[in-house]
Amino acid sequence: MPTSAGDATDASDATDGAGEPAPHDWPSALARLQALRHAGRQMGGPEAIERLHARGKLTPRERIDLLLDHGTFRELGELVTGTIDVPGRPPRDAPADGVVAGWGLVDGRRIIVIADDGTITAGARGPGGNRKARYLRDLAADHGYPLVSLLESSANRFGSMMGAQFAGPGDEATDGIAPPAAEWPQAGRSPRVSAVLGTALGAASFQTMDAEFSTLADGTAAMALAGPPVVLGGIGVTATTQDLGSGELHATITGFIDCITPTEHDSIAAVRRFLGYFPSSSRELPPRRLGADPADRPAPELCDLVPLDHRKPYDMGQVIRAIVDDGEFLELRARYARNIIIGYARIDGWTVGIVANQPRHLGGIVDAKAVTKAVRFAQICNAYNIPLVFLQDQPGFVVGPQSEREGALRQVVRLQNTAYSATTPMITVLVRKAYGYSTWLLGGRAVGATHVMAWPSASISLAAPEIGVATLLRSELERGELSEERQQELYRSYRSLSQGRWAAYDFRIDDVIEPQHTRRALAGALAMADHRRVRALGLRRRFDTA
Amino acid sequence: MSPSSPPRPSSPSIPPGVAAFLQHVLDGPTLRDIPDGTVGLGWVGGVPVTVATDLTAAVPALATAARRATPLLIVTAPGEGPTAAPPLAVGHRPAPWVPVVAVGRSPWAVVGADLSILLDADGPADHTDQDPAMAAGLVRRFLGLLRPAAASPTAASPAGASPAGAAPARSASLTELVPFVPDAPYDIAAVLDAIVDAPGMLPLGERGAVLGGLARLGGRTVVVVASDAAHAGGRLDPSALRTVARLTELAASADLPIVSLVDSAGLLPAAAALDDVTTLLGTLGSVWASPATQVTVVLGRAHGAAATVLGAVGARADIVVAWPRPPSPAPTPPAPTRRARPRRPDPAGSTADPVDPVERASAWAAARDGALLDIIAPDETRARLIEALDVLRGAVAFAAPRRSDRG
């Protein structure tokens with residue numbers, strides 16, 4: 001290594017442009033590089049890290065360690081250093097300018113990760129941090145990598161956005177303003193994941209609403225359009241961040257977040273699980289992972305789980321877990337619109353998106369909230385060529401004045417349009433009740449389902465037999481001419497005609513299957529439908545916001 | 001192809017000099033389908049190649065090669081040309097793009113090819129004064145580089161580890177090869193040998209302040225563009241600009257990534273003169289319009305328009321990193337004549353001292369501002385390049401518009 005006097009620079013008192021004495025030879029330059037990297041990894045310093053830990057939170061580097069396969073993180077922009085300039089205090093450095101970002105592997109597949117640093121200005125980004133985040137966001141979009149944002153705040157520093165420069169995004173790197181819609185061009189290209197691990201306000205909440213998958217650590221994180229100071233200044237209401245956007249609120253009232261988890265560790269574990277189901281981009285098929293669970297494994301417990309009496313409830317979640325590989329099911333928005341279940345699982349190694357009615361809640365009826373929950377999920381599965389498996393046990397769309405006022409009609413048509421435009425395979429099992437127009441729209445033959453099967457317990461009709469009787473014999477009933485005998489006769493007739501076997505005789509469904517062999521039948525249908533997914537590769541399909 | 005095919009290179013319709021070369025380059029006597037002795041099909045290193053043995057047949061042979069999706073090998077006899085115009089230098093290449101190799105004894109016969117070789121003659125070509133055996137070796141190597149590597153890396157490799165069998169041409173520390181001080185000369189060819197896979201780079205283009213060509217890096221073929229600091233401080237002259245433009249177009253056509261090594265003090269004053277503005281603008285146009293992915297390593301200086309042409313600044317490169325060499329004074333920019341844009345008042349009343357423009361030119365300052373992705377130790381260069389190429393390999397996944405708005 002050249003260290004002789006001839007190699008040394010003669011400007012020994014010069015600085016390097018970053019305010020430090022300029023290295024004068026290779027050893028000093030490399031030592032300087034190591035020192036800068038080490039300093040950057042200290043983030044906001046030991047005290048700030050300790051404060052974060054005391055609140056049950058992790059540093060961005062700890063979060064990234066949990067997310068990525070060991071030793072695979074390649075940090076970019078590690079030497080970026082911002083300035084925290086608070087009036088009345090001396091300026092100080094912001095290592096990495098509040099954003100730790102780079103690429104790494106999850107289960108051997110590359111992803112891009114951007115993590116806000118809660119040890120520095122509560123996670124608010126500086127211009128350099130914004131520049132890094134923007135660069136990596138574009139890299140993920142251009143090259144088809146999943147983008148995982150570990151959000152602590154992701155807000156810009158408030159002061160930098162005051163004034164007329166807010167009229168337009170301009171130079172994001174200089175102004176420190178990230179246009180909220182910047183994530184949208186990536187929709188349907190490669191998966192975007194938002195893990196809300198702090199307070200996600202403004203642009204961070206928009207980003208989370210648009211993400212293909214979102215998690216929120218309950219208790220230590222919140223998501224809202226605006227934070228307490230803006231709410232107080234705007235409408236004079238005092239509220240905490242938890243009041244505005246707690247995990248409980250999003251779990252039960254808004255349904256905006258896919259997984260509310262008790263801890264950050266669980267949130268990051270959920271992100272890893274989600275990524276395992278998804279392709280890196282919509283130009284690829286989801287990874288197939290064959291495990292030890294054989295495709296033809298019978299599930300005799302299904303006959304015990306599902307009562308033949310249509311009025312008796314049961315837990316559809318148990319049915320799902322009996323069918324899928326190793327009983328593993330990543331359920332989304334579990335506490336919102338509980339009358340429908342959505343989530344990802346594997347059958348014979350294939351990733352599937354499952355949409356199932358839950359008879360244990362409201363009899364599995366399809367209401368506006370349930371449709372809202374199902375539609376976006378189906379759109380995302382369609383965008384990423386993930387086959388949809390429908391398990392139907394539903395009495396139809398909810399009707400009545402309240403439902404009309406809630407705009408159920410709009411949601412029904414959204415479901416219709418989503419189902420009709422889907423290119424991904426749809427495979428449907430009619431478990432018990434399959435009544436009304438929703439029978440078609442939740443993976444029916446009428447909307448182009450690849451495969452429709454029914455259990456012997458299935459009952460298929462425009463309406464439940466008792467409703468059919470009441471509707472068709474209404475005038476006789478009103479005139480008092482309807483005998484109990486005729487009513488029962490008609491009921492039995494409709495009940496018989498609704499049996500799934502009649503649909504199979506006409507080839508309106510593909511088959512009637514034994515419940516215990518549902519897994520085998522689904523695996524076979526998925527294998528047959530694979531060519532349909534290959535045909536759809538490269539089509540770009542967008543989806544609604546959460 | 002029947003193994004009992006007659007050895008057509010010795011056909012009386014092919015000039016003896018051409019036949020002699022074909023016997024060197026073809027995989028045995030396998031040239032076929034030459035009704036008139038001008039266009040045929042042979043194999044070079046297992047690659048099917050359309051062969052033209054007459055300069056007047058070059059253009060129709062190119063159409064044939066495109067239809068067959070094979071490279072075109074044009075081998076011409078002494079004394080051929082000039083035709084009305086150099087056959088490969090005019091008009092558009094038919095789609096799909098296929099590589100064209102021209103071997104002859106006259107510059108006229110080889111100009112415009114992706115690999116041009118002059119047999120026993122000197123002149124403007126990629127390789128001159130070659131004997132038939134050496135020329136055949138160059139052709140085989142060029143066509144081999146344009147084939148996917150047999151052991152192309154597939155698994156994501158964050159550490160940038162070389163795949164099995166891929167090792168650099170020279171085992172040496174780059175800090176030994178490159179002096180720390182910015183203006184000291186060093187051998188860029190040796191630097192390249194320490195970075196790319198053995199047997200090193202196949203040079204293409206004119207000799208000048210840019211050394212360019214094809215090489216494999218971690219098993220993946222790349223287009224290399226490296227400024228030569230020992231040649232007028234790496235200042236780009238018109239020939240260097242032409243080389244950059246040509247290699248950039250080759251990368252785009254062959255869907256290859258560009259690896260750019262930059263240590264350039266700007267443009268040679270002649271290149272900034274009016275006569276050469278067309279060359280400069282043409283090069284910039286080629287560079288900016290190219291969809292090829294690019295990774296740039298700034299080894300030292302990256303000044304002026306050369307920094308843009310070589311992808312050290314601006315949005316041309318996908319990944320830009322630098323070595324921690326000290327800044328050298330850039331030419332003092334002329335005083336601005338345009339009225340400066342009014343600065344937005346800083347409510348915090350920042351009193352930060354203005355930074356010396358020379359100091360601002362350092363890699364440290366650029367990395368601190370986020371204008372550079374990283375500063376790397378020189379000996380990390382090969383691994384980091386392999387890793388970056390692995391990350392960028394999915395560039396064709398989405399036909400995104402050029403990232404002109406990337407910060």
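1. In α15(A), the residues A:Ala408, A:Gln411, A:Leu415, A:Thr418 and A:Ala419 are buried, where buried means that 20 or more other C-beta atoms lie within 10 Å of a residue's own, exposed means 12 or fewer, partly exposed is in between, and C-beta atoms are placed from the backbone. Helices (H or I, at least four residues) and strands (E, at least two) are DSSP runs, numbered from the N terminus.

2. On provenance, this is a predicted model, in which local features need pLDDT of at least 70 and side-chain atom pairs count only at pLDDT 80 or more, while totals for chains, interfaces and linings use all residues. Residues are numbered from 1 along each chain as its sequence is written, and chains are lettered from A and ligands numbered from 1 in the order in which they are written.

3. The length of α15(A) (residues 408–421) is consistent with its residue count, because 14 residues at 1.5 Å a residue should span 20 Å and the end C-alpha atoms are 20 Å apart; the expected span is 1.5 Å times one less than the number of residues. The buried residues of α15(A) pack against α13, α14 (401–405) and α16 (437–441) of chain A, with contact taken as C-beta atoms, placed from the backbone, that lie within 7 Å.

4. For chain A as a whole, there are 22 helices and 19 strands, and buried residues make up 52% of its 546 residues. Among contacts between residues at least 6 apart in sequence, 71% join residues at least 24 apart.

5. The largest nonpolar core holds 248 residues, of which A:Val113, A:Val355 and B:Val139 touch the most other members; such a core is a set of buried Ala, Val, Leu, Ile, Met, Phe, Trp, Tyr and Cys residues joined through C-beta atoms within 7 Å. Helix α13 (residues 368–383) of chain A supplies the largest share of this core, 10 residues. Leaving aside neighbours within four places in sequence, the contacts of A:Val113 include A:Ile64, A:Leu67, A:Val148 and A:Leu150.

6. Strand β5 (residues 109–116) of chain A has 7 of its 8 residues buried. Strand β4 (residues 99–106) of chain A is joined to β5(A) by 8 bridges and runs antiparallel to it, with A:Val100 partnered by A:Ala115; two strands count as paired if DSSP finds at least two bridges between them. The hairpin of β4(A) and β5(A) has 2 residues between the strands, and A:Asp107 takes a positive phi near 50° there. Between β5(A) and strand β6 (residues 147–151) of chain A there are 4 bridges in parallel pairing, and A:Ile114 stands opposite A:Ser149.

7. In chain B, an open sheet of 6 strands has the order β1-β2-β3-β4-β5-β6 with mixed pairing. Its edge strands are β1 and β6 (127–130) of chain B, each of which pairs on one side only, and the twist averages 25° from one strand to the next. Angles run from 0 to 180 degrees between N-to-C directions, and axes are lines fitted to C-alpha atoms, for helices over the stretch in contact.

8. Helix α2 (residues 58–68) of chain B has B:Ala58, B:Ala61, B:Leu62, B:Thr64 and B:Ala65 buried. Seen down the axis of α2(B), these buried residues fall within an arc of 165°, so they line one face of the helix. They pack against β1 (39–44), β2 (47–52), β3 (72–75) and β4 (100–104) of chain B, and α2(B) runs at about 160° to β2(B). Just after α2(B), B:Ala69 takes a positive phi of about 55°.

9. A further open sheet in chain B has 7 strands in the order β7-β8-β9-β10-β11-β12-β13, again with mixed pairing. One side of β7 (202–204) and of β13 (374–375) in chain B is left without a neighbour in the sheet, because each of these edge strands has a single partner strand. Strands β10 (residues 258–264) and β11 (residues 294–302) of chain B run parallel and are joined by 6 bridges, with B:Ser260 opposite B:Thr296.

Note on methods: Arc of directions from axis to C-beta. Contact = placed C-beta atoms within 7 Å.
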